[in-house]
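Here's a quick briefing to read with the model open beside you. Take it one topic at a time.

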Amino acid sequence: MTDKKNSRRDFIKTTGKAGIALGLASAVIPSFANDFFKDSTTSIPFSQRPLPYGYKDLEVAIDALTMEIHYSKHAATYAKNLADASAAENVDERLISLESLLAKVSKYSTKMRNNAGGHFNHELFWQSMTPVSTRPSDQLTNAITKDFGSFDAFKTQFTDAGKNRFGSGWAWLLVGADKKLIIGSTPNQDNPLMDVSELKGKPLLGLDVWEHAYYLRYQNKRPDYINAWWNVVNWDIVQKRLDAAM
Ligand code: MN
């Protein structure tokens, strides 16, 4: 991660100088400053980062075997397929951020859409959970209360978005264009950053409701998985994403 970040920075520095020398700076150098996930806490690289906890650390909500298979098989496959699609479609992560790619994903293949989305969503998801109990800040609670009536109403609406997503997909809390908080869901591995998505905005919290995320422990009982999941939400990172989005 550190090496990758440094190499990206060095690349930009080096290429920046070369680009300026060639008078190509603005054409060659991407503007990462325009990206939503611009700070180091939320910036998402094209490859998997280590889980910020152990497989069994979220047992209160998700069993260790599910976490292991989910991270090391399912999510790893999205990352690998994203790398393959990027190679095939001339996407260079030193020149475009994952978020910028998602914003114009309609210009790429279905493989890119599914795997850029799959990789992004899972990287966001792992960071959205923690074995350490966190509480929503007053600022976040106030924002949620303002837009959903109460914190309980927000949880109910979000839970319903996950419960009612037919087939595989994700439930989201996001900031819409008018800066209001919105709840919604997307099918498959789509997400609200994609130009092809009906639901659009900056995601603060995403919940994987694919069966692979919960089936070993919960089988057909998706609502039980969602109810338990609230116990491991990392509200601190939701707050950081809110800060970045506003
Ligand atoms: Mn998943």
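What percentage of the 246 residues in the chain do buried residues make up? The figure is 48%, where buried means under 20% relative accessible area, exposed over 50%, and partly exposed in between, using a 1.4 Å probe and protein chains only. Keep in mind that this is a predicted model: local features need pLDDT of at least 70, side-chain atom pairs count only at pLDDT 80 or more, and totals for chains, interfaces and linings use all residues. Residues are numbered from 1 along each chain as its sequence is written, and side-chain values use heavy atoms, with hydrogens and water left out.

**Overall layout**

- You'll find ten helices and three strands in the chain; these are DSSP runs numbered from the N terminus, with helices being H or I of at least four residues and strands being E of at least two.
- Going along the sequence, the pattern reads α-α-α-α-α-α-α-β-β-β-α-α-α.
- Take the contacts between residues at least 6 apart in sequence: 69% of them join residues at least 24 apart, with contact meaning heavy atoms within 4.5 Å.

**The manganese site**

- Four residues coordinate the manganese ion at 1.9 to 2.1 Å: His 70 (NE2), His 122 (NE2), Asp 208 (OD) and His 212 (NE2).
- Donors here are N, O and S atoms within 2.8 Å of the metal (3.2 Å for Na, K and Ca), and water is not among the atoms, so sites may look incomplete.
- The spacing of the donor residues in sequence is H-x51-H-x85-D-x3-H.
- Asp 208 is buried at a relative accessible area of 0%, and His 212 is buried too, at 18%.

**Helix α3**

- With 25 residues, α3 reaches 35 Å from its first C-alpha to its last, close to the 36 Å expected at 1.5 Å a residue; the expected span is 1.5 Å times one less than the number of residues.
- A kink of about 35° in α3 is centred on His 70, where the bend is the angle between axes fitted to the seven residues ending there and the seven starting there.
- The buried residues of α3 include His 70, Tyr 71 and Tyr 78.
- Those buried residues pack against α4 (98-103), α5 (110-127), β3 (202-208) and α8 (215-218).
- Just after α3, Asn 90 has a positive phi of about 55°.

**Aromatic pairs**

- The whole structure holds 17 aromatic pairs: rings of Phe, Tyr and Trp (its six-membered ring) pair if their centres lie within 6.5 Å, and planes under 30 degrees apart count as stacked, over 60 as edge-to-face and the rest as tilted.
- Tyr 55 and Tyr 71 make a tilted pair, 6.4 Å centre to centre with 55° between the planes.
- Tyr 55 sits in the loop between α2 (25-28) and α3 (64-88), while Tyr 71 is in helix α3, 16 residues apart.
- Tyr 55 is partly exposed at 28% relative accessibility, whereas Tyr 71 is buried at 12%.
- Phe 158 and Trp 230 have ring centres 5.3 Å apart and planes at 65°, so their pair is edge-to-face.

**The nonpolar core**

- The largest nonpolar core has 63 residues, and Phe 158 and Trp 229 have the most contacts inside it.
- Such a core is a set of buried Ala, Val, Leu, Ile, Met, Phe, Trp, Tyr and Cys residues joined through side-chain atoms within 4.5 Å.
- Phe 158 is buried at 0% relative accessibility.
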